[in-house]
Amino acid sequence: PCNALSFEQLALVETLGIGCHAVNRAAVSKEDDVLIIGAGPIGLTVLEFARAAGARITVLEMSETRRAFVTENYAGVEVVASLADEPRFQIVFDATGNPRSMSGAMRFARFTGKVIYVGITKEPVVIDDPLFHRRELTLLASRNAQSPDFPRILAMIQSGQIDTRPWISHRCDFGALPEQMDAWLKPSSGVIKAVVGLT
């Protein structure tokens with residue numbers, strides 16, 4: 001039960017639910033070659049559950065700091081800063097929330113592959129319809145999670161299958177938050193997840 005988990009572990013359950021639901025929507029299996037575009041917190045949640053499904057995983061991430069985090073914490077995952085424009089993956093998750101990245105994600109998908117938008121943008125996303133139709137792709141959107149996901153996530157954290165400790169890269173007390181927030185919002189800060197302590 002939950003009382004065996006720390007407050008910091010519990011703070012990540014809702015976030016992990018996003019990746020759990022996305023991987024469920026895509027029906028990822030151990031037979032799949034999976035590409036995850038973006039290794040921010042949402043991309044990492046997708047990585048956790050794609051790995052639990054036994055898939056072969058490649059992460060495409062421009063940030064050197066985030067690439068290093070994935071390499072250090074996820075053995076066996078291929079991490080790259082760029083990819084050749086070719087249909088190499090059966091399932092492609094875009095976790096960037098960047099409309100240009102989302103628009104281009106399907107070029108990496110194989111024939112009859114799936115593209116899942118996990119990151120959210122307020123801008124329109126342009127779809128290359130000739131490519132979309134030619135490859136007979138499936139396009140899915142995924143947001144939030146479902147109730148049955150949460151007991152599974154709690155059990156995976158409790159068993160150690162998901163280790164949340166590396167995720168929390170920054171901490172501060174509530175009183176220090178105003179001065180920390182500006183620094184944390186900068187990409188150079190290296191924040192994966194920040195936790196604010198209340199006493």
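Colleague: What does the accessible surface of the chain come to, and what share belongs to carbon and sulfur atoms?

Modeller: The accessible surface is about 10,700 Å², and 53% of that belongs to carbon and sulfur atoms. Such areas come from the Shrake-Rupley method with a 1.4 Å probe, and for residues only the protein chains shown count as cover. Before we go on: this is a predicted model, so local features need pLDDT of at least 70 and side-chain atom pairs count only at pLDDT 80 or more, while totals for chains, interfaces and linings use all residues. Residues are numbered from 1 along each chain as its sequence is written, and side-chain values use heavy atoms, with hydrogens and water left out.

Colleague: Thanks! How many helices and strands are there?

Modeller: The chain has eight helices and eight strands. These are DSSP runs numbered from the N terminus: helices are H or I with at least four residues, and strands are E with at least two.

Colleague: In what order do the strands of the open sheet come?

Modeller: Six strands make up that sheet, in the order β3-β2-β1-β4-β5-β6, with parallel pairing. Two strands pair if DSSP finds at least two bridges between them. At the edges are β3 (78–80) and β6 (138–141), each pairing on one side only.

Colleague: And what packs on the sheet?

Modeller: Helix α2 (residues 13–26) does, touching β4, β5 and β6, and its direction makes about 150° with that of β4. Contact means heavy atoms within 4.5 Å. For the angle, axes are lines fitted to C-alpha atoms, for helices over the stretch in contact, and angles run from 0 to 180 degrees between N-to-C directions.

Colleague: Let's zoom in on β4. Is it mostly covered or uncovered?

Modeller: Mostly covered: five of the six residues in β4 (residues 89–94) are buried. Buried means under 20% relative accessible area, exposed means over 50%, and partly exposed is in between (1.4 Å probe, protein chains only).

Colleague: Which strands does β4 pair with?

Modeller: Strand β1 (residues 33–37) runs parallel to β4 and is joined to it by four bridges; there, Val34 stands opposite Ile91. Strand β5 (residues 109–117) also pairs with β4 in the parallel sense, over five bridges, and Phe89 has Ala109 as its bridge partner in β5.

Colleague: What does β1 pair with over five bridges?

Modeller: That's strand β2 (residues 56–60), again in the parallel sense. Asp33 stands opposite Arg56 in β2.

Colleague: New topic: Glu48. Why does it count as buried?

Modeller: Glu48 counts as buried because its relative accessibility is 3%. You'll find Glu48 in helix α3 (residues 41–52). Leaving aside neighbours within four places in sequence, Glu48 is in contact with Leu16, Tyr74, Gln161, Ile162 and Trp167.

Colleague: Which residues other than glycine have a positive phi?

Modeller: Ala27 is one of them, with phi of about 55°, and it sits in the loop between α2 and β1. Another is Thr112, with phi near 65°; Thr112 lies in strand β5 and counts as partly exposed because its relative accessibility is 46%. In general, most residues other than glycine have a negative phi.

Colleague: Last one: how much of the chain is buried?

Modeller: Buried residues make up 43% of the 199 residues.
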